[in-house]
Amino acid sequence: PSTWKKITSPTTSALRSIEMVASGDGWAVGNGGTIVRWNGSSWSTVTSPTANTLNSIDMLSSSDGWAVGNGGTIVRWNGSSWSTVTSPTANTLNSISMLSSSDGWAVGNGGTILRWNGSNWANFSSPTAYDLFGTAFLSSSNGWAVGGGWSASIGWFEGAKLHWNGSSWSVDTTDHILDILYDVDFSSPTYGWAVGMNNAKSRWDGANWHQNYGLQAMNSSQAVEILSANDG
């Protein structure tokens, strides 16, 4: 198809995250625990185990998927149904990234970072108290999380960029962004973008982040997907 067209939705609830497994298999989640599925021709509602808003979904396969949301909610798809999974936090979770069935991450408000080890989720040491909204992993030893919040010391918002090196998370101090960052994505270890409020954009070159925005446009970018250095 060369154009976008509106598709009938089975819900009036706000939808917050979408993940496509294949052209004939996809999922979206949202407010009130809403879960809908695409079968190649239409969307339909799927029974949800929670009434809490779901903010992010990530599918490993058609029979293994995860979603996270408000109140620390974590739910899992086993190929036939969704069920709740014990969560070690009551903080809102905003993003989930699964590397494999035995390795995954979720981040959320208050700097919350959780890790999945194949059998349970556990809190992981975080270097920030700012809310975290987006994650992206290039490998099990190279990942990023972004977010931000109000800074009393500067009297304005500031972004947070956290890097995972395989053993610990640390705050990246290159390119100080004075706005909250909502999402991040990479096409390679040397090319990526982080985006956020007030048109905030920052580009990763493999060693440093570089601001690439002005305040002329105050729109916020909520999500980003990068395919290559010239397609995103």
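The residues that line the largest pocket of this predicted model divide into 12 nonpolar, nine polar and six charged. The space in this pocket comes to about 1000 Å³. Its lining has 27 residues, and those closest to the centre are Ser17, Ser56, Ser95, Asp183 and Ala223. Which strands contribute to the lining of the largest pocket with at least two residues each? They are strand E1 (15-22), strand E5 (54-61), strand E9 (93-100), strand E13 (131-139) and strand E17 (181-188). The largest share comes from E9, which supplies six residues of the lining.

The next topic is the second largest pocket. Its volume is about 650 Å³. This pocket is lined by 17 residues, with Trp4, Lys5, Ile7, Ile18 and Trp43 closest to its centre. By type, the lining of the second largest pocket divides into 11 nonpolar, four polar and two charged residues. E1 and strand E3 (35-38) each supply at least two residues of this lining. With four residues, E1 gives the most to the lining of the second largest pocket. E1 also supplies at least two residues to the lining of the largest pocket.

Strand E1 also holds Glu19. Is Glu19 buried, partly exposed or exposed? Its relative accessibility is 21%, so Glu19 counts as partly exposed; the cut-off for buried is under 20%. Glu19 and Met59 are 40 residues apart along the chain, yet their C-alpha atoms are separated by 6.7 Å.

Next come the charged pairs. Side chains of opposite charge can pair when their charged atoms come close. How many salt bridges are there by the rule used here? The count comes to three.

One of them joins the side chains of Asp25 and Arg37, with 3.0 Å from N to O. Asp25 lies in strand E2 (residues 25-30) and Arg37 in strand E3, so this pair ties together parts that are 12 residues apart in sequence. Asp25 counts as buried because its relative accessibility is 10%. Arg37 has a relative accessible area of 24% and is therefore partly exposed.

Another salt bridge is formed by Asp64 and Arg76, whose closest N and O atoms are 3.1 Å apart. Why does this pair tie together parts that are 12 residues apart in sequence? The reason is that Asp64 lies in strand E6 (residues 64-69), while Arg76 lies in strand E7 (residues 74-77). Asp64 is buried, with a relative accessible area of 11%. Arg76, at 23%, is partly exposed.

A further salt bridge is the one between the side chains of Arg115 and Asp103, at 3.1 Å from N to O. Arg115 belongs to strand E11 (residues 113-116) and Asp103 to strand E10 (residues 103-108), so here too the pair ties together parts that are 12 residues apart in sequence. Asp103 is buried, since its relative accessible area is 11%. Arg115 counts as partly exposed, at 24% relative accessibility.

The surface has a feature of another kind. Trp150, Ile154, Trp156 and Leu178 make a nonpolar surface patch of about 400 Å². Where is Ile154 found? Its place is the loop between strand E14 (142-151) and strand E15 (156-164). The relative accessibility of Ile154 is 41%, and Ile154 therefore counts as partly exposed.

Asp175 is a residue other than glycine, and its phi has a positive value, near 60°. Asp175 sits in the loop between strand E16 (169-171) and E17. Its relative accessible area is 13%, so Asp175 is buried.

Asn199 is not a glycine either, but has a positive phi of about 65°. The loop that holds Asn199 runs between strand E18 (191-196) and strand E19 (201-204). Is Asn199 buried or exposed? At 18% relative accessibility, Asn199 counts as buried, because buried means under 20%.

How values were computed:
Residues numbered from 1 in each chain as written. Predicted model: local features only at pLDDT ≥ 70, side-chain atom pairs only at ≥ 80, totals over all residues. Heavy atoms only, no water. 1 Å grid on protein atoms, 1.4 Å probe; cavity = no way out; pocket = protein on both sides within 12 Å on 5 of 7 lines; lining within 4 Å. Points joined across faces, edges and corners; volume = space filled by probe spheres on them. Nonpolar A, V, L, I, M, F, W, Y, C, P; charged D, E, K, R; others polar. Patch = residues over 30% accessible without salt bridge, like charges linked within 9 Å, V, L, I, M, F, W, Y side chains within 5 Å. Areas by Shrake-Rupley, 256 points an atom, 1.4 Å probe, with all protein chains shown as cover. Salt bridge = Lys/Arg side-chain N within 4 Å of Asp/Glu carboxyl O. Buried < 20%, exposed > 50% of the residue type's maximum accessible area, 1.4 Å probe, protein only.
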